[in-house]
Amino acid sequence: MSQEHPETLLVMDADAIRKAIRRIAHEIVERNTDLSRLVIAGIPTRGVEVAKRILDHIEQIEGVRPEFGVVDVAMHRDDLRRRGRLTAVVPTELPVDLDDRVIVLVDDVLFTGRSCRAALDAISSFGRPARVQYAVLVDRGHRELPIRADYVGKNVPTALEEKIRVRFENLDSVPDSVRVVRAVNS
């Protein structure tokens, strides 16, 4: 009788995560000259953490802290009926006036593109941004929608059955890491 045991491969440690986020922050600053009109908005849960870290780096680089937001996608997903369990709803918090601002949506992992699409739906009820950019810590491929990230910390090619596990010490009580998790039959 076979049992499944997860096998993990470390692809980013705390230092690699810090460097990737710092690089993303530099790229955002280079592409967006008016930081006073910039909103960095994380997708819960770990996208919010990545967004906060990007904001910290932008503040260190430029001495200016763009506005922060949270974009909940739980009720905007197109796969609600398929999901075994519902994701906890986190209130969306965005500046009241999004018109003509640049929003950088931030998530931990880009996979099918469905979370990004749901975030775009959520944003549309708050206004009409001048541009929406997308930043992710990890792009693992396997898109189901025509969505790509403008800023990527690391591309990690995966098999469809593998998962990417992002952990942050302040959220998960384990050292910051990104791991590929694959089920192994034994």
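The following dialogue asks how terms are applied to this predicted model.

Student: What should I know about the model before reading values from it?
Tutor: This is a predicted model in which local features need pLDDT of at least 70, side-chain atom pairs count only at pLDDT 80 or more, and totals for chains, interfaces and linings use all residues. Residues are numbered from 1 along each chain as its sequence is written, and side-chain values use heavy atoms, with hydrogens and water left out.

Student: How many helices and strands does the protein chain have, and what makes a run count as one?
Tutor: The protein chain has 4 helices and 8 strands. Helices (H or I, at least four residues) and strands (E, at least two) are DSSP runs, numbered from the N terminus. Along the sequence their pattern is β-α-β-α-β-β-α-β-β-β-α-β.

Student: Why is β2 called largely enclosed?
Tutor: Because 5 of the 5 residues of β2 are buried, β2 is largely enclosed by the rest of the structure. Buried means under 20% relative accessible area, exposed means over 50%, and partly exposed is in between (1.4 Å probe, protein chains only). For the protein chain, buried residues make up 44% of the 186 residues.

Student: What makes β2 a partner of β4 and of β3?
Tutor: Two strands pair if DSSP finds at least two bridges between them. β2 is joined to β4 (residues 102-110) by 5 bridges, and these strands run parallel. Val39 is opposite Ile103 in β4. With β3 (residues 67-70), β2 pairs in the parallel sense over 4 bridges, and Gly42 is opposite Val70 in β3.

Student: Which hand does the crossover from β2 through α2 to β3 have?
Tutor: That β-α-β crossover is right-handed. The term applies if, with the strands pointing away from the viewer, the path from the first strand over the helix to the second runs clockwise.

Student: Which phi values are positive at His142 and Ser173?
Tutor: Phi of His142 is near 70° and phi of Ser173 is near 60°. Neither residue is glycine. His142 is in the loop between β5 (131-139) and β6 (151-155), while Ser173 is in the loop between α4 (169-172) and β8 (177-185).

Student: Why does Thr158 count as buried, and which residues does it touch?
Tutor: Thr158 has 10% relative accessibility and therefore counts as buried. This residue lies in the loop between β6 and β7 (163-167). Leaving aside neighbours within four places in sequence, Thr158 is in contact (heavy atoms within 4.5 Å) with Arg140, His142 and Ile164.

Student: What makes you say that the charge of Arg140 sits over the ring of Phe111?
Tutor: A charge sits over a ring if NZ of Lys or CZ of Arg is within 6 Å of the ring centre and within 35 degrees of the ring normal. The charged end of Arg140 sits over the Phe111 ring, 3.9 Å from its centre.

Student: Where does UniProt place the PRPP-binding motif?
Tutor: The unreviewed UniProt entry places the feature "short sequence motif: PRPP-binding" at residues 103-115. UniProt positions are given in the numbering used here, feature names are shortened, and annotations may be inferred rather than shown by experiment. Over residues 103-115 the chain is 15% helix and 62% strand, with the end C-alpha atoms 16 Å apart.
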